[in-house]
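Student: Could you walk me through reading aromatic contacts in a model?
Tutor: Gladly; let's look together.

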Amino acid sequence: MAIRPPLLKRGDTIGLVTLGTPLDAVTINTRVQFLRDMGFNVVLGEHVYSSSGIVAASNQQRADDLMNMFRNPSVKMILATRGGTGIQTILPYLNFDVIRQNPKIISGYSDMTVLLNSLYQFSNLITFHSLMLIDFRPATPAYNFNQFFEATSTLNSPRVIQNPPNIALSGLVPGNVTGPIVGGNMTSLVNAIGTPYEIDTKGKILFLEETHSPTTMIFRYLTQLSMAGKFQDCLGIIIGECTNCPVSYGTSYEDLINALLVPLKKPLIVNLSSGHGVYKAAIPIGANVNLNAIENTVTVLEPTVS
């Protein structure tokens with residue numbers, strides 16, 4: 001069983017890190033105040049405000065910020081300021097043994113996908129494909145906060161991951177399977193194939209979502225994942241949104257799912273509100289989940305915090 005990080009409570013300390021692309025100071029400070037108004041203490045990584053081209057700081061510096069948060073006994077949750085580009089470059093500099101010995105909630109999506117899955121694979125830590133600092137603002141839908149805090153601040157179990165009202169989950173291939181859930185953003189997962197941090201889908205439920213990629217690119221991603229054996233190894237598939245993904249050659253995202261994934265005959269649910277979409281389900285990477293593509297439900301079977 002994967003390691004569950006300690007429960008998050010109001011008054012706890014949240015550590016902020018910028019692990020990929022820089023984020024401007026005004027946005028960071030506004031979101032930090034939002035967290036403080038919610039009743040949390042906030043500490044900042046040394047390079048939260050840094051800007052050094054495509055990434056905020058050197059690979060070692062960004063990795064050190066993350067490791068310092070894991071080592072800091074006062075920090076209960078680590079929150080990425082944003083995703084962006086380049087988070088995979090810190091992975092060789094992490095100490096997964098130290099992380100395993102100091103489990104904490106860590107949340108994000110987009111390029112954070114490769115880190116979330118690596119922490120599960122190498123530290124056996126449940127991580128959260130959920131909110132980042134940029135999402136802590138008044139305009140964020142209540143659904144997103146409800147999902148986030150239900151996953152990180154309660155021991156509710158089992159927990160059904162429900163879409164917002166009037167957005168239905170749809171089962172395209174019937175079946176009922178249970179196993180650890182892995183995955184996230186397609187770009188991030190495909191970029192890690194052929195590296196030591198390639199996602200392991202064997203005996204797992206694979207979740208995928210994407211943003212701002214034309215369907216020609218989605219075709220490439222799904223083909224690469226298939227040729228790397230990721231669909232053949234998995235128990236079942238959950239497909240999230242493809243946010244702002246243009247149709248190419250008259251072929252939609254849904255067309256690709258039907259053409260490339262349905263024939264695999266793995267239990268398949270589509271249309272999970274997640275990741276880059278307006279509505280963001282909280283998906284605990286590494287937790288045991290039941291995918292029921294007959295009743296069209298996704299259920300987290302155990303508490304994801306302790």
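Student: Is Phe-96 buried or exposed?
Tutor: Buried means under 20% relative accessible area, exposed over 50%, and partly exposed in between (1.4 Å probe, protein chains only). Phe-96 has a relative accessible area of 13%, so Phe-96 is buried. A note on the source: this is a predicted model, where local features need pLDDT of at least 70 and side-chain atom pairs count only at pLDDT 80 or more, while totals for chains, interfaces and linings use all residues. Residues are numbered from 1 along each chain as its sequence is written, and side-chain values use heavy atoms, leaving out hydrogens and water.

Student: How many aromatic pairs does the structure hold?
Tutor: A pair of aromatic rings is described by the distance of the centres and the angle of the planes. Rings of Phe, Tyr and Trp (its six-membered ring) pair if their centres lie within 6.5 Å; planes under 30 degrees apart count as stacked, over 60 as edge-to-face and the rest as tilted. There are eight aromatic pairs here. In one of them, Phe-96 and Phe-122 have ring centres 5.1 Å apart and planes at 40°, so that pair is tilted.

Student: And how exposed is Phe-122?
Tutor: Phe-122 is partly exposed, at 30% relative accessible area.

Student: Which kind of pair do Phe-136 and Phe-148 form?
Tutor: Their centres are 5.6 Å apart and their planes stand at 85°, so the pair is edge-to-face. Phe-136 is buried at 1% relative accessibility, and Phe-148 is buried with a relative accessible area of 1%.

Student: Which residues form the aromatic cluster?
Tutor: Phe-34, Phe-40, Phe-136, Phe-145, Phe-148 and Phe-149 form one cluster.
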